[in-house]
Amino acid sequence: LPPNIKVFVFGWPAGQVLSYFQAAGVGAQGEGTKEMFAEFLRSLVAAGVKQVHILAHSMGAKVFLGALEQVKSVLGSPGGARMATCVLMNPDAFLDSFVEGWYDEIRSMCDHVTLYADCGDGALFWSEVVNGKKALGKNPFDLKRGGDDEEGPVWLDMDVIDTTFMDANVHAIRHNYFNLNRWVVDDLREIILTR
């Protein structure tokens, strides 16, 4: 990346397989995590950052999506810092909640929304089993509204990268290859630099 682009990472209390519900409820969706994420963004803006690129993976998307109200208070005001791009990678978030509301909230702050999804994502398979709902990062062909009338469905205006058939530098669970696969890394770089 060029020297004018700085990478900052927000860490939150996560977990492993056996602590999924605790990591989701207390860590990713906890009120304290939402407020700390908003404080993190406020500190970037206070330091002079004008454009923020959000890249959220897996349960990190729960953090981001759960904190959209707080994010909007920091990055949604006219004339202030703005969200330049939003990239959701294999997000462990509910598809219906995204289609019915989160998408519109993100688009009100950001013109460039990208989803990386994999129909064969093993971690999101188990997320769907335990939550009883479709996961956003496993269902790239369901990003639409309506469809039961003669007008047909209205597809969400966003970029969707289906990585289901990617076969290089991908492990068996197919959940976190984005840091290993050169094509994906190059694609992320291009999103940030050319938005």
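Starting at the N terminus, the chain runs through its elements in the order α-α-β-α-α-β-α-β-α-β-β-β-α, giving seven helices and six strands. Helices (H or I, at least four residues) and strands (E, at least two) are DSSP runs, numbered from the N terminus. Keep in mind that this is a predicted model, where local features need pLDDT of at least 70 and side-chain atom pairs count only at pLDDT 80 or more, while totals for chains, interfaces and linings use all residues. Residues are numbered from 1 along each chain as its sequence is written, and side-chain values use heavy atoms, with hydrogens and water left out.

**The chain as a whole**

- Of the 195 residues, 43% count as buried; buried means under 20% relative accessible area, exposed over 50%, and partly exposed in between, with a 1.4 Å probe and protein chains only.
- The chain has an accessible surface of about 10,500 Å², and carbon and sulfur atoms hold 56% of that; such areas come from the Shrake-Rupley method with a 1.4 Å probe, and for residues only the protein chains shown count as cover.
- Among contacts (heavy atoms within 4.5 Å) with a separation of 6 or more, 70% link residues 24 or more positions apart.

**Strand β2 and its neighbours**

- Let's look at strand β2 (residues 82-89): seven of its eight residues are buried, so the rest of the structure largely encloses it.
- Strands β1 (residues 51-57) and β2 pair in the parallel sense over seven bridges, where pairing requires that DSSP finds at least two bridges between two strands.
- Together, β2, helix α5 (residues 95-107) and β3 make a right-handed β-α-β unit; right-handed means that, with the strands pointing away from the viewer, the path from the first strand over the helix to the second runs clockwise.

**Helix α3**

- Helix α3 (residues 59-66) has seven of its eight residues buried, so it too is largely enclosed by the rest of the structure.
- Those buried residues are Met 59, Gly 60, Ala 61, Lys 62, Val 63, Phe 64 and Leu 65.

**A closer look at Glu 128**

- You will find Glu 128 in helix α6 (residues 122-131), and its relative accessibility of 17% makes it count as buried.
- The side chain of Glu 128 reaches the backbone nitrogen of Ala 135 at 2.9 Å.
- Leaving aside residues up to four places away in sequence, Glu 128 touches Lys 133, Lys 134, Ala 135, Lys 138 and Asn 139.

How values were computed. Polar contact = N/O pair within 3.5 Å; in protein donor to acceptor, adjacent residues only side chain to side chain.
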